[in-house]
Amino acid sequence: MSPNKIVKTDAEWRAQLTEFEFEVLRNAATERPWTGEHIDEKRDGVFQCRACSAQIFVSGTKFDSHCGWPSFYDADPEAVTLHEDLSHGMVRTEVRCASCESHLGHVFPDAPQTPTGDRYCINSVSLVFVEVSEQA
């Protein structure tokens, strides 16, 4: 196990997160499209994991994919892990926080307009935005 891994019991996560945050981050639920707080976020900054504050995305990789969830074309490769997801009768690639294993969303290879061709489709509730000026 990595020395940077965050391991908590469900009770500890429930004490830290709201019920909805727990369902998304720990049980891989999904927020409804077009309801998340970060869909239209355009300020300079970083997006951190809501559960552990690990930096996952920088604002320069965010783009409008018109899918109903915040989309990014790249993630810090050491900040995420990718896992095959066969739920709901689909084959997808789940994105989890590498530090705490929280569910963030999914990544799809369907964004040819981006430098990577990838679309990280992420639940807003999985992220906290920190504006550049707040990072000092």
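1. Is Arg50 buried, exposed or partly exposed? Arg50 is partly exposed, with a relative accessible area of 22%, where buried means under 20% relative accessible area, exposed means over 50%, and partly exposed lies in between (1.4 Å probe, protein chains only).

2. A word on the basis of this note: the model is predicted, so local features need pLDDT of at least 70 and side-chain atom pairs count only at pLDDT 80 or more, while totals for chains, interfaces and linings use all residues. Residues are numbered from 1 along each chain as its sequence is written, and side-chain values use heavy atoms, with hydrogens and water left out.

3. Three strands form an open sheet in the order β2-β1-β9, and their pairing is antiparallel; strands here are DSSP runs of E with at least two residues, helices are runs of H or I with at least four, and both are numbered from the N terminus, while two strands pair if DSSP finds at least two bridges between them. Because β2 (55–58) and β9 (127–131) each have a single partner strand, they stand at the edges, and one side of each is left without a neighbour in the sheet. From one strand to the next the twist averages 30 degrees, with axes taken as lines fitted to C-alpha atoms and angles running from 0 to 180 degrees between N-to-C directions.

4. Strand β1 (residues 45–49) is joined to β9 by five bridges, in which Val46 has Val130 as its bridge partner and Cys49 has Leu127. Towards β2, strand β1 makes three bridges, again in an antiparallel arrangement, and Phe47 stands opposite Phe57 in β2. Five of the five residues of β1 are buried, so this strand is largely enclosed by the rest of the structure. Five residues lie between the strands in the hairpin of β1 and β2, and there Ser53 takes a positive phi near 70 degrees.

5. The largest nonpolar core has 24 residues, of which Ile56, Phe57, Cys97, Leu104, Tyr120 and Ile122 touch the most other members; such a core is a set of buried Ala, Val, Leu, Ile, Met, Phe, Trp, Tyr and Cys residues joined through side-chain atoms within 4.5 Å. Elements that give two or more residues to this core include α2 (19–27), β1, β2 and β9. In soluble globular proteins, nonpolar side chains tend to be buried together. Leaving aside residues up to four places away in sequence, Ile122 touches a set of residues including Phe57, Trp69, Leu104 and Leu127, contact being heavy atoms within 4.5 Å.

6. A search of the whole structure finds eight salt bridges, each a side-chain nitrogen of Lys or Arg within 4 Å of a carboxyl oxygen of Asp or Glu. One of them pairs Arg50 with Glu21, the closest N and O atoms being 3.7 Å apart. This pair links distant parts of the chain, since Arg50 lies in the loop between β1 and β2 and Glu21 in helix α2, 29 residues apart. Glu21, at 13% relative accessibility, counts as buried.

7. Another salt bridge joins the side chains of Asp85 and Arg92 (3.2 Å, N to O), and here Asp85 is buried at 12% relative accessibility, as is Arg92 at 15%. Glu94 and Arg96 also form a salt bridge, with the closest N and O atoms 3.1 Å apart; Glu94 is buried at 8% relative accessibility, whereas Arg96, at 24%, is partly exposed. Salt bridges that share partners join Glu21, Glu37 and Arg50 into one network.
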